[in-house]
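Subject: Structure handover

Hello,

Here is the structure for you to look over. My notes on its pockets and its sheet follow below.

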Amino acid sequence: MYQPPVSKVLTALGIPHRVFRHLGTVSSLEQAASERGQVPGQVVRSLLFRLGEGKFVMVLAAGPGQISWPALRNYLGQSRLTLATEAEVLAVTGYRIGTVSPLGLPTPLRILADEQVFHPDEISLGSGERNVGIIINSADLRHALGEVEIGRFIYTQRG
């Protein structure tokens with residue numbers, strides 16, 4: 001069976017995971033969580049921010065929590081940052097919005113993770129393919145990421 005890009009990376013690293021293929025189109029984080037047998041806080045979103053010309057950082061956020069822009073700017077020492085455009089996301093990550101993962105990136109990228117990402121034992125994240133998720137133990141994801149910076153980047157955490 002065809003393996004999505006992130007599954008190939010995890011397999012090569014010897015990290016256990018499951019590929020979850022949704023039966024239809026996923027239109028919300030809540031739907032993705034429900035179909036995967038999870039709560040929204042177990043779904044990890046990979047968000048790409050532009051720090052300046054050609055400079056990007058990825059932030060991993062658990063569930064529906066909103067990024068605290070002041071906290072993120074303060075942590076990065078940046079007075080200004082913006083979300084990357086759809087074209088920038090594809091160019092920098094190799095993935096389309098809705099499929100982005102911190103794994104299997106074409107070039108190394110600084111990765112920050114909100115502390116809530118690693119709280120549940122089991123989480124899911126983008127696979128690099130639409131309507132397909134990767135279900136993985138949070139400790140295994142942390143191991144696969146290597147040099148990930150952990151902090152408080154979310155206003156509220158629900159689910």
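The largest pocket holds about 620 Å³ of space. Keep in mind that this is a predicted model. The lining of this pocket counts 27 residues, and Arg45, Ile97, Gly98, Thr99 and Val100 are the closest to its centre. Helix H2 (29–35), strand E2 (44–52) and strand E6 (122–126) are the elements that each give two or more residues to that lining. E2 gives the most, with five residues. By class, the lining of the largest pocket splits into 14 nonpolar, nine polar and four charged residues.

The second largest pocket has a volume of about 160 Å³. Its lining has 13 residues; Pro102, Leu105, Ile111, Ala144 and Leu145 lie nearest the centre. Here helix H1 (5–13) and helix H5 (138–145) are the elements that give two or more residues. The class count for the second largest pocket is ten nonpolar, two polar and one charged.

Now the sheet. Five strands form an open sheet with mixed pairing, in the order E4-E2-E3-E5-E8. Strand E4 (82–83) and strand E8 (148–151) are the edges, each pairing on one side only. E5 (residues 110–114) and E8 run parallel and are joined by four bridges. Leucine 112 has glutamate 149 in E8 as its bridge partner.

Two helices go with the sheet. Helix H3 (residues 69–76) lies across E2, strand E3 (55–62), E4, E5 and E8, at about 135 degrees to E5. Helix H4 (residues 86–93) packs on the sheet too, touching E2 and E3, and its direction makes about 100 degrees with that of E2.

Best wishes

Methods:
Residues numbered from 1 in each chain as written. Predicted model: local features only at pLDDT ≥ 70, side-chain atom pairs only at ≥ 80, totals over all residues. Heavy atoms only, no water. 1 Å grid on protein atoms, 1.4 Å probe; cavity = no way out; pocket = protein on both sides within 12 Å on 5 of 7 lines; lining within 4 Å. Points joined across faces, edges and corners; volume = space filled by probe spheres on them. Nonpolar A, V, L, I, M, F, W, Y, C, P; charged D, E, K, R; others polar. Pairing = 2+ DSSP bridges. Contact = heavy atoms within 4.5 Å. Axes fitted to C-alpha atoms, helices over the stretch in contact; angles between N-to-C directions.
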